[in-house]
Amino acid sequence: MARCPLHKDDVRSLAITEKRGKVLVHCHGGCEQSQVAAALGLRANGHAPARQVEKVYTYRAADGSPAFEVVRYWPKDFLQRRPDGTWGVKGVEPVPYNLPAVLASDHGVVVVEGEKDADRLASLGIVATCNAGGAGKWRPEFARYLRGRTVVVIPDNDEAGRQHAADVARSLDGEDVRVLELPGLQPKGDVSTWLDDGHTADELRDLLRAAPVAVPVMPHGAEWVDSIDLPAEDPPMALPPMVLDEGPAVLFGMGETRKSILAQMVATTLATGRETVPGWRPTLAGPVVWLDYESGRLRFARRQRLLGSASILYVPCVRPIWDDVDSLATLVEQEGAVLVIVDSIVPASAGGAVSTKDAETAARYFGAVTSSLRARCRSAM
């Protein structure tokens, strides 16, 4: 809602919407629609006039030289350009608005959501800054310009504004940062609309001095583990918390990071039923089938000698695992295996050496294999 230009409008009674390229206006105070449209500069057919430059905001580097510009248009839109008029700011170092004034301030700095608000506060003698792009575009590296000063963030009165204030406060962790939610601010309003509604500069200064210290806000979606509601029963685990007793567990890692050794330690733990590593307490024990696509028998045997004797059936493999899934299921049934380890899923999916770039595709393939296998026999994999 906006103020109608035809009457003294303290309650913002003018509705402005856009539909199919036309701007529609309606004054709930009873003003004639055509007169309102004319006062706003709209054409008789309801189409908005060509957009016009409303304001150019210059962002300056620490030395005062122009860094880039934000061009505000009417109807409301924003574009960024270099000082020479070239559109786009790729490669230009981003800086906060009014940076020279911020650096010259020995005391407080106010962070608002847009250049209009920053300029409004500057006209009142209050040092204020913002970032280009509005809510959600604050850069953590801007914090270095504000350190050592009292910072008060004034959010717009909406969820995006509050999250933006939290982002700014989080980047200034350890500093004197405060958040001022303006009393009586209308929904989606900002400090400019608050002042337009009749509040004074002196009232604002009093509120800034009394602004409460920012309460740390966790990133959106974050929550403490203890607060998460869990089902009454945890999924069955063959080796908590590493190996589920249902469905596959996939161990990913860069080459030569000892994934196979870790997997062989898991295999030995389940095959022996004992705690081979402190804290590894298997909930079931029994034979393990090891399908080897890359290590080789000798390498496997050397590792197992260090780990100790265990009931592990070593199976050298060459063909893709899908080609042997039926015979594999029969083998697992006959041996009563509680765990099947595939070393590793990338070559197993193609039957030979395959680039690790195919790991994601191989994992999906492996999921299909395990589903087929578990239809025939029950074992962790």
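Asp 117 sits in helix α3, which covers residues 115–122. The model is predicted. Asp 117 is buried because its relative accessible area is 4%, under the 20% cut-off.

**Asp 117 and its surroundings**

- The side chain of Asp 117 forms a polar contact of 2.5 Å with the side chain of Ser 192.
- A polar contact of 3.4 Å links the side chain of Asp 117 to that of Lys 116.
- Leaving out residues up to four places away in sequence, Asp 117 touches Val 112, Asp 156, Asp 190, Val 191 and Ser 192.

**Nonpolar core**

- The largest nonpolar core contains 45 residues.
- Ile 154 and Leu 204 have the most contacts inside this core.
- With residues up to four places away in sequence not counted, Ile 154 touches Val 110, Val 111, Val 112, Leu 180, Leu 182, Val 191, Leu 204 and Leu 208.
- Val 112 and Val 191 are among the residues touched by Ile 154, and Asp 117 touches Val 112 and Val 191 as well.
- In soluble globular proteins, nonpolar side chains tend to be buried together.

**Helix α5**

- Helix α5 spans residues 159–171, 13 residues in total.
- From its first C-alpha to its last, α5 reaches 19 Å, close to the 18 Å expected at 1.5 Å a residue.
- Gly 161, His 164, Ala 165, Ala 166, Val 168, Ala 169 and Ser 171 are the buried residues of α5.
- These buried residues pack against strands β6 (108–111), β8 (150–153) and β9 (177–179), and against helix α4 (143–146).

Conventions: Residues numbered from 1 in each chain as written. Predicted model: local features only at pLDDT ≥ 70, side-chain atom pairs only at ≥ 80, totals over all residues. Heavy atoms only, no water. Helix = DSSP H or I, 4+ residues; strand = E, 2+ residues; numbered from the N terminus. Buried < 20%, exposed > 50% of the residue type's maximum accessible area, 1.4 Å probe, protein only. Polar contact = N/O pair within 3.5 Å; in protein donor to acceptor, adjacent residues only side chain to side chain. Contact = heavy atoms within 4.5 Å. Core = buried A, V, L, I, M, F, W, Y, C linked by side-chain atoms within 4.5 Å. Expected span 1.5 Å × (residues − 1).
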